[in-house]
Amino acid sequence: MAACAESQRDNNSGGAGGANDTFVFAGSDNPVSLDPAFASDGESFRISRNIFEGLVSTKPGTTELEPLLAESWTSAPDGKSHTFQLRKGVKFQDGTDFNAAAVCANFDRWANWKGLNQNENISYYYGKLFQGFKNPEAGAGQTIYDSCNAKSDSEVTINLNKPFAAFIDAMTLPAFAMQSPTAMEKWNADDVQGDAKDPRFSSYSTDHPTGTGPFKFNRWDRGQQVVLDRNEEYWGDKAKVSKAVVRIISDPKARTQELEAGNIDGYDLVAPADVQTLKDKGLQVMQRQPFTIFYLAFNQANPALQDKRVREAISYAIDKDALVKQSLPEGTKTAIEFMPDNVVGYNPGVTDYKYDPEKAKQLLKEAGQENLTLKFAYPTSVSRPYMPTPENSFVTIKGQLEQVGIKVEPVTAKWNPDYTDLVRKQDGVTKRDIHFLGWTGDYNDPDNFVGVFFGKKGLEWGFDNPELFKALQDARQLPTKEAQAEAYKKINEQIAEFIPGVPLAHPAPSLAFGKGVKGYTPSPVNDEVWNNVTVER
């Protein structure tokens, strides 16, 4: 295995610098799609952030906003229009000019998707944050996007039908990165009638993704690696390495072994048990600030879970401290709500269901569910920032549920697309009753957590709560952070009382690197671009 990996490194390095001219990073799974508009997973976004750029970015290592393709911006007092002054002289990697017309082409593309492209599991971020499409089909709502006005090549205004308080923050998401209109048209990015049948796997996505970033796409060897080349025409600081390779290594132990052997330069999602071993061998371990939530979701399509007493009983049955100790990394905090404590609107006083197995048993008895059996879904062969060892976490929670008399039937699936389809698509509704999932915050806004989870009726949770949906809709449109803070504190209590699931923990993800890797800055929102990375061996 090591010899093969070394051979891959040699073949991919190129340039006078040899192997030192290539940065090899291990991802935990295949990216789902290299068209970031159709992605919602971290492995896709890891690559997207190096190929594509958005109008706005974050300062390295923080959640603070900074300019990217837009040099500056202003927002109207009513929050319904936002004007961007664009960086001049930027070109997409196919030579197409980046300008206001290209910005409008991207916004209009998202808003006018049809058919399968409106599916929640495909256009996840646009559907969630813009709440629908210009011509919504069954299950999709009407978009809050109104129009895009290219006032000149370097000035563009985005008009909304109603305020979206975190609109500028949302523009930091890879899902809203700027893509070449020429390349998307040439390679049928939105075509679901061709061979792919699914836009996530279009010819554009798999072979021709085209942005403005410091690296450009070379090739995707499915199940093995994605190879990126330095963009020699990049407008900003050109990459210090000529190639970046993301190798797919799903087994956490194998990632550790490959780093120790020198076959990779770094990897994410270090298993908690490996941290000290890596440090003892002189390797670098870096930790992101926790900006995550790991939760156990209840599927209320199951009639038993429609009884609040049952949801409450499961909450009391879980010992979060034991979960953190047994399966989550150092620095992890237990959770009492579905967002971290550094987000506006966090409420330290929400109703908290502290570990109490006897109370859980009593509630199950009152509900007539003393013989309850639940299908418990969790992903296999994957690590996520909020869930580094799902199998270990499953074992811990399964044991706690069984202690209060709940029988557990495990339901497993590989991560993408099988597991995400299982918890978000119609054909997965009857296959699971409870499941693990979580979230790494994309930007510092409460709507990016609780609004994404509970902003409207969805297949993952299976409940209809118009009062909660309205509260979230109203809160995201408030004009100031101060007003939002009070509104979201009330919403977090409303969620805690309703109990859609159990917020388990806020894990602190770790990354590991070889001794000679420099210039990598961990980001709490995973906004990590590799143009400043160097490798010495």
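The model is a predicted one, in which local features need pLDDT of at least 70 and side-chain atom pairs count only at pLDDT 80 or more, while totals for chains, interfaces and linings use all residues. Residues are numbered from 1 along each chain as its sequence is written, and side-chain values use heavy atoms, with hydrogens and water left out.

**Helix packing**

Helices (H or I, at least four residues) and strands (E, at least two) are DSSP runs numbered from the N terminus. Axes are lines fitted to C-alpha atoms, for helices over the stretch in contact, and the angles run from 0 to 180 degrees between N-to-C directions.

Helix 16 (residues 466-476) and helix 17 (residues 481-498) have axes that come within 10 Å and cross at roughly 160 degrees. The two helices are therefore roughly antiparallel to each other. Helix 16 passes helix 17 in a left-handed crossing; a crossing is left-handed if the near helix is turned anticlockwise from the far one by less than a right angle, and right-handed if clockwise. Contact is defined as heavy atoms within 4.5 Å. On the side of helix 16, the residues that meet helix 17 are Glu467, Leu468, Ala471, Leu472, Ala475 and Arg476, and their partners in helix 17 are Gln484, Ala487, Tyr488, Ile491, Gln494 and Ile495. By class, this contact of helix 16 with helix 17 has eight nonpolar, two polar and two charged residues. In this classification Ala, Val, Leu, Ile, Met, Phe, Trp, Tyr, Cys and Pro count as nonpolar, Asp, Glu, Lys and Arg as charged, and the others, Gly among them, as polar.

A further pair is formed by helix 10 (residues 308-317) and helix 12 (residues 357-366), whose axes come within 8 Å and cross at roughly 160 degrees. Helix 10 and helix 12 are therefore roughly antiparallel, and their crossing is left-handed. Helix 10 contributes Arg309, Val310, Glu312, Ala313, Tyr316 and Ala317 to the contact, and helix 12 contributes Pro357, Lys359, Ala360, Leu363, Leu364 and Glu366. The residues of this contact of helix 10 with helix 12 divide into eight nonpolar, no polar and four charged.

Helix 11 (residues 320-327) and helix 13 (residues 390-403) pack at an angle of about 150 degrees, with their axes 9 Å apart. Helix 11 and helix 13 are therefore also roughly antiparallel, but helix 11 passes helix 13 in a right-handed crossing. Their contact involves Ala322, Leu323, Gln326 and Ser327 of helix 11, together with Asn392, Ser393, Thr396, Ile397 and Gln400 of helix 13. By class, the contact of helix 11 with helix 13 has three nonpolar, six polar and no charged residues.

**Salt bridges**

The structure holds 27 salt bridges, each a side-chain nitrogen of Lys or Arg within 4 Å of a carboxyl oxygen of Asp or Glu. The table gives examples.

| Arginine 219 | Aspartate 221 | 3.1 Å |

Residues are called buried under 20% relative accessible area, exposed over 50%, and partly exposed in between (1.4 Å probe, protein chains only). Lysine 281 is partly exposed at 46% relative accessibility, as is glutamate 260 at 32%. A network of salt bridges links Glu43, Arg46, Asp268, Arg288, Arg384 and Glu528.

Tryptophan 415 lies in helix 14 (residues 415-424) and counts as buried at 5% relative accessibility. Tryptophan 415 and threonine 380 are 35 residues apart in sequence and 6.7 Å apart in space, C-alpha to C-alpha.

Arginine 432 is found in the loop between helix 14 and strand 17 (434-440), and counts as buried at 0% relative accessibility. Leaving aside neighbours within four places in sequence, arginine 432 is in contact with residues including Asn299, Lys375, Leu459 and Glu460.

Definitions and conventions
Parallel < 35°, antiparallel > 145°, perpendicular 65-115°, else oblique.
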